[in-house]
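Subject: Handover of a structure and notes on its features

Dear colleague,

Please find below the structure that I am handing over to you. My notes on it follow.

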Amino acid sequence: MNEISNPDIPLQFDIGQPVPRTEDTRLLTGGGEYTDDTNIDGQAYLWFVRSTIAHGDIKSIDSAAAAAMPGVLAIYTGADLRADGIGNIPSGLPLKNRDGSGYIVPPRTGLAVGRVRHVGEPIAAVIAETAIQAREAAEAVTVMFNELPVVTGTEEAGKDGVPQLHEEAPGNVCLDFFVGDAEATEKAFATAAHVTSLRIDNTRMVVNAMEPRSVIGDYDKATERFTIHMPTQGVMGPKAVMAKAIFKVDPAKVRVISNDVGGSFGMKGAAFIEPVSVLYAARKLNRPVKWTADRSESFVADHQGRDSVIYADLALDKDGNFLGLRVGGVGNVGAYVTGMGPAPMTNVICRNLISVYKTPNFAYGTKALFSNTVPTGPYRGAGRPESKYIMEQLVDKAAREMGIDRVELRRKNLIPPDAFPWKAPNGQTYDSGEFEALMDAVLERADWAGFESRRAESAAKGKLRGISVANYLENTGGAGELIDIRFRADGTVAMITGAKDMGTSHRTPFMQILSERLGVPYEKIEVIQNDSDLMSAGAGGSGGSKTLVGAGNAIVDAANGIIDLGRKAAAHMLEAAEVDIEFHRGTFTVAGTDRSVNVMDLAQYLRETGNLPDGVPTSLDHKAVHDTSPSTFPNGCHVCEVEIEPETGLVEILRYTVVDDFGVVVNPLVVEGQVHGGIAQGIGQILVEQTVYDESGQLLTGSYMDYAMPRADDMCSFDFSTRNVPCVTNPLGVKGCGEAGNGASMPSVMNAILDALSVRGITHFDAPATPHRIWQALRKANK
């Protein structure tokens, strides 16, 4: 690897500088280009006929009246898709049942065939000349059902005698998952001086990305080629699924374009069913077809998140040392399996549950179950926040039951800094961290020592005050991403990657890394992430907080490759031996002389010069795929302080302090923004958000009239800082940060609430902690 030295004083756009996002001015002045902003001449519009019941056989679909309405071009059903050989949405993660078999993936194409299994499942697609005509015609389609019994509850779905959703999934079991050593764990529990047990209901979430999903499908009959415009977390994933699994064509016959994306949080990362019908219609009609969801449709069309019930036990010796962790429970995958399948509620929680603690014995077994609800998938963290929500509540409860200070119980069980690499019993190997020093830093910043005086002040006003400390460590995605650097004739540099920005601020850190490592002027760099036609092998996508681990290190690899090419080219241009060419800050210099050429001028020289001798590159263009770095383990500690008004149940977050370890921070401004967003989503889940289905499977919280979202006045200003320990398993030393904010915000907010309520004898409470539910709990406790 080439060593590229830095000056003592970092430059404006170097790694570590808080460079404002390059896209902000464009987006804030209305220059964003989202999928719904795109229109193609001659496009038709599609609207879906969706199921109004949660479970039933389709007896008939009467579309005659709709087909005769003005502007209607076609109406398609699942039978049409099946007859034309349209395939099923795949899910192929390497997850195994206890017996070694794979998890159940029931067939699911773009439209329901024979039976519906959740409210909102698409049954027919109506295409018309205008959006209004398509929607009005869809309302004229009559579907007759033979209704079937319904099961929606997470635990209920696994009970005997409940409705079965899929013949291939007896007992509604999608996956029966286990990791650990059950025998050793049981022995640890048998010798324990104390066992703390906890049941946690992890509420289901509606993702509610700011931008509703939209798809434009186009088909060129002459070339038999599809073009899809849609919001994604990377264009190559949907390209592969649509080509190979759905339409069964050569991937070269599918192009995916994804411009600005208004939020995803994992939801737009996998293939959905709606694009299947849009592309099918485009091919059948030989004209562009567009569909854009409205907000009400998004509530039942977008996959939802979380939704599990966990039973956890922590075994401790008489001094409070952790002996073992035993976890069981169930998770709700909904009616069908999404791209990430049952992973969040099984494998992801398992990988992250141990966190920062020395826990020698571990047994984790959960079942993922089908139910008559909207399918679930990844939602920011996708199992990571749930794991900390479980572990940190267990630790607080154990401390309370054993009469041990909760900070000291954590301190006693933290992995020490001289123990790395640390092999955890859940199969993870941590590379770095200074957990105790980091916890002490946040306790000092939060004035933990002064809390009791603040509690007394609140009590004097008739209010309940609570504080919490919550550690976290999470396992992020590993490497696997393309960077393709191209020096263009106009003097700019294109940096092409499959890692997609969906409001996650990738462009600016990417540009900083390339600018520092290669000396390319920051303002000359253009990051291109939106077009699969520009991608090549190795292009992946964003998700799992892995982007800098993959794409960031691929930039380093590509820059090093360009420097190697540049030394050969500069040696020829400057008439020197290659071994005498030095590189620093974008300039190639003949050692001991003042003869030099910068990288941009050298690229132009190669472009304009012909008949170069053998061994001299004709271009500095270079691509690299970084796929060697493993997962990273960002960690941190949050302290939350709340005040509760007993007469109303209102919870106010007064102080919120964070100290995180993200390894080498490329852009602290971007990192802080990511953490703020994650904290807000964690606060939303604990305080206000809740997805509710009735017994018939109807979504009762299907609009913003019924589903509460966190607002600015639900929060306080966040005190954020970092205490970073560089990662030792990737060249940049970075650790993922995109999902870390809600990794600790969920347990820290809930534990602070429980600390406040504990003076009234309340030691357990499931989210959401709405004023009415808090008020009810207090009234019950007073009886």
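In the residue classes used here, Ala, Val, Leu, Ile, Met, Phe, Trp, Tyr, Cys and Pro count as nonpolar, Asp, Glu, Lys and Arg as charged, and the others, Gly among them, as polar. Please bear in mind that this is a predicted model.

Cavities

The largest cavity has a volume of about 140 Å³. Its lining consists of 20 residues, and those nearest the centre of this cavity are Arg-108, Phe-272, Ala-301, His-303 and Thr-338. By class, the lining of the largest cavity comprises 10 nonpolar, five polar and five charged residues.

The second largest cavity has a volume of about 50 Å³. Arg-213, Ser-214, Val-215, Met-230, Pro-231, Lys-268, Ala-270, Phe-272 and Pro-275 form its lining. Of these, six are nonpolar, one is polar and two are charged.

Strands of a sheet pair through backbone hydrogen bonds, either parallel or antiparallel.

Seven bridges link S7 to strand S15 (residues 362–370), and the two strands pair in the antiparallel sense. Phe-177 has Thr-366 in S15 as its bridge partner.

The three-stranded sheet

A further open sheet has three strands, in the order S22-S23-S24, with antiparallel pairing. Its edge strands are strand S22 (581–584) and strand S24 (596–598), each of which pairs on one side only. From one strand to the next, the twist averages 20°.

Strand S23 (residues 587–590) and S24 run antiparallel and are joined by three bridges. Within this pair, Thr-587 has Asn-598 in S24 as its bridge partner. Helix H15 (residues 547–573) packs on the sheet and touches S22, S23 and S24. The direction of H15 makes about 130° with that of S22. Helix H16 (residues 599–608) lies across S23 and S24, and runs at about 90° to S24.

A glycine in helix H17

Where does Gly-682 lie, and is this residue buried or exposed? Gly-682 is found in helix H17 (residues 668–687). Its relative accessibility is 1%; because buried means under 20% relative accessible area, Gly-682 counts as buried.

Which residues are in contact with Gly-682, leaving aside its neighbours within four places in sequence? They are Asn-742, Ser-745 and Met-746. As for Leu-757, this residue is 75 residues apart from Gly-682 along the chain, and the C-alpha atoms of the two are separated by 20 Å.

Yours sincerely,

A colleague

Technical notes
Residues numbered from 1 in each chain as written. Predicted model: local features only at pLDDT ≥ 70, side-chain atom pairs only at ≥ 80, totals over all residues. Heavy atoms only, no water. Pairing = 2+ DSSP bridges. Helix = DSSP H or I, 4+ residues; strand = E, 2+ residues; numbered from the N terminus. Buried < 20%, exposed > 50% of the residue type's maximum accessible area, 1.4 Å probe, protein only. Contact = heavy atoms within 4.5 Å. 1 Å grid on protein atoms, 1.4 Å probe; cavity = no way out; pocket = protein on both sides within 12 Å on 5 of 7 lines; lining within 4 Å. Points joined across faces, edges and corners; volume = space filled by probe spheres on them. Axes fitted to C-alpha atoms, helices over the stretch in contact; angles between N-to-C directions.
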